[in-house]
Protein chains: 2
Amino acid sequence: MPEEKPEITDSEWEVMRVVWTLKEVTSKEISSVLQEKKEWKPATTKTFIGRLVKKGMLTTEKIGNRFIYRAGVSEEDSLKTLKSGLFTHICSRAVGKTIADLIEEATLSHDDISLLEAALKKKKQDAVDDIACNCVPGQCTCKKDHGMNCQH
Amino acid sequence: MPEEKPEITDSEWEVMRVVWTLKEVTSKEISSVLQEKKEWKPATTKTFIGRLVKKGMLTTEKIGNRFIYRAGVSEEDSLKTLKSGLFTHICSRAVGKTIADLIEEATLSHDDISLLEAALKKKKQDAVDDIACNCVPGQCTCKKDHGMNCQH
DNA sequence: TAAAATCGATTACAGTTGTAAACTATAAAT
DNA sequence: ATTTATAGTTTACAACTGTAATCGATTTTA
């Protein structure tokens, strides 16, 4: 069964990235990275660490009176949540177009292009003829237009 | 010069989708769509409409004592903001991989695949050899690993 | 024309988020 | 053994969000 994945705010994300990168960290290490990047006071970082611990996003191991922090949720899982959030506001039929837009607007390397070509080739196997619109009437023109043109 | 694009919350997004779809609407029309979808009381919808008007996301035309609402910002612009938000939390070198993940996890039609193939082909023109990591040390392994492997 | 319905505006209120100081307990330094 | 620094915890507080009731003006209806 898929675990509940806690929502993560922008600021909390900054903290998690440090932990995902360094694997085992003290609050001081996190703090110094983010003092650099975000100009946060140590107290600010501590607040976010505390909230992340409470959410189970960070695990702690007590050494004396300090803690070592580790990620309680993988970066991949969090990225998955982030990615799926992208599509909560668009019609399922517009997903392809949206990804195409992302490609257009991105800076990509030759390696990236190969990676994407491979992903596409694999995807071709289970491509469908028509995708059902998942919108309610009034939030998308699919249904009104007899399901023929949702790609606005 | 690019205009300031107001941030839009999830709930506000629901309202905007109705306006983008129906183009010219009364609060009652918006309200009835979202009563259906979100089970919002009309008062709730009105709150969001008010906030959107204040932000300039909706324009109003007064007819007697009611209003006709229209979008003050295009869906495309808002989508652009949404899409770029996806990449604020990942290394610029991981963008390609992230898009590949999106493709893997999406349901796509044959038409979508063609669209994506076309986008990729066009992109191949200005693909670069190497993308610079845009992360601070401690939030990404690029720099530590001499810039060779960021695709975690 | 008086009553009822409706629309937009104002107010409410709890939970979340960003930002941080103050407090407390322990560890390090003198 | 004190003083000092430091780590984690508690408290603070304003802005933003979700959710909605109430109020005041007006329009429709009886």
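Strands here, like helices, are DSSP runs numbered from the N terminus (helices are H or I with at least four residues, strands are E with at least two). Residues are numbered from 1 along each chain as its sequence is written, while chains are lettered from A and ligands numbered from 1 in the order in which they are written. Because this is a prediction, local features need pLDDT of at least 70 and side-chain atom pairs count only at pLDDT 80 or more, while totals for chains, interfaces and linings use all residues.

**The hairpin of chain B**

- Strand β1(B), residues 58-63, runs antiparallel to β2(B), and 6 bridges join them; two strands pair if DSSP finds at least two bridges between them.
- The two form a hairpin with 2 residues between them, and G64(B) in the turn has a positive phi of about 65°.

**Around DNA strand C**

- DNA strand C is surrounded by 22 residues, the closest being T9(A), S11(A), A43(A), S27(B) and F67(B) (near means a C-beta atom, placed from the backbone, within 6 Å).
- Two or more residues each come from α1 (10-22) and α3 (42-55) of chain A, and from α2 (27-38), α3 (42-55) and β2 (66-71) of chain B.
- This surface has 5 nonpolar, 10 polar and 7 charged residues (Ala, Val, Leu, Ile, Met, Phe, Trp, Tyr, Cys and Pro count as nonpolar, Asp, Glu, Lys and Arg as charged, and the others, Gly among them, as polar).

**Where the chains meet**

- 46 residues of chain A are in contact with 46 of chain B (C-beta atoms, placed from the backbone, within 7 Å).
- On the chain A side, α6(A) gives the largest share, 10 residues.
- That side divides into 23 nonpolar, 10 polar and 13 charged residues.

**Fold of chain A**

- Chain A has 6 helices and 2 strands, in the order α-α-α-β-β-α-α-α from the N terminus.
- Its radius of gyration is 21 Å, well over the 15 Å that the globule rule gives for 152 residues, so chain A is more spread out than a compact globule (taken over C-alpha atoms; the rule is 2.2 Å times the number of residues to the power 0.38).

**Confidence**

- Chain A averages a pLDDT of 91, and 91% of its residues score at least 70 (pLDDT is the predictor's confidence in each residue, from 0 to 100).
- Over residues 146-152 of chain A, pLDDT stays under 50.
- Where pLDDT is low, the predicted coordinates should not be read in detail.

Terms used: Contact = placed C-beta atoms within 7 Å.
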